[in-house]
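Here is a short briefing for a reader who is new to this structure. Please keep the model in view while reading the points.

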Amino acid sequence: MSKEMIRDIAVESAKASPPVAVVTTSVAQGWSINATVGTLTIVYLLLQIGWLLYRWRKAAQGTPVKGE
């Protein structure tokens, strides 16, 4: 395998590890997969709302935001 492919695999594994850890922990603690998905959805929505509020505040101040 090339170095680029190994790097891509490592990056994708790192991206996938937090959700896998959360699901594994929740299943071990007795949560159902539905409760886990619901909780993760709520967390994701809160993060999105926070990001939008941050962007709107920066836009109101006239400061550019990275990633736009």
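A nonpolar surface patch of about 860 Å² is formed by Ile42, Tyr44, Leu45, Leu46, Ile49, Leu52, Leu53 and Trp56. Patch members have over 30% relative accessible area and no salt bridge, and nonpolar side chains (Val, Leu, Ile, Met, Phe, Trp, Tyr) are joined within 5 Å. A salt bridge is a side-chain nitrogen of Lys or Arg within 4 Å of a carboxyl oxygen of Asp or Glu.

The model is predicted: local features need pLDDT of at least 70, side-chain atom pairs count only at pLDDT 80 or more, and totals for chains, interfaces and linings use all residues. Residues are numbered from 1 along each chain as its sequence is written, and side-chain values use heavy atoms, leaving out hydrogens and water.

**Helices**
- The chain has two helices and zero strands, taken as DSSP runs (helices H or I, at least four residues; strands E, at least two).
- Ala10 belongs to helix H1, residues 3-28.

- Ala10 counts as partly exposed because its relative accessibility is 46%; buried means under 20%, exposed over 50%, and partly exposed in between (1.4 Å probe, protein chains only).
- Of the 68 residues of the chain, 6% count as buried.

**Dimensions**
- The C-alpha trace spans about 45 × 40 × 10 Å along its principal axes.
- Ala10 and Lys58 are 48 residues apart along the chain, and their C-alpha atoms are separated by 34 Å.

Note on methods
Patch = residues over 30% accessible without salt bridge, like charges linked within 9 Å, V, L, I, M, F, W, Y side chains within 5 Å. Areas by Shrake-Rupley, 256 points an atom, 1.4 Å probe, with all protein chains shown as cover.
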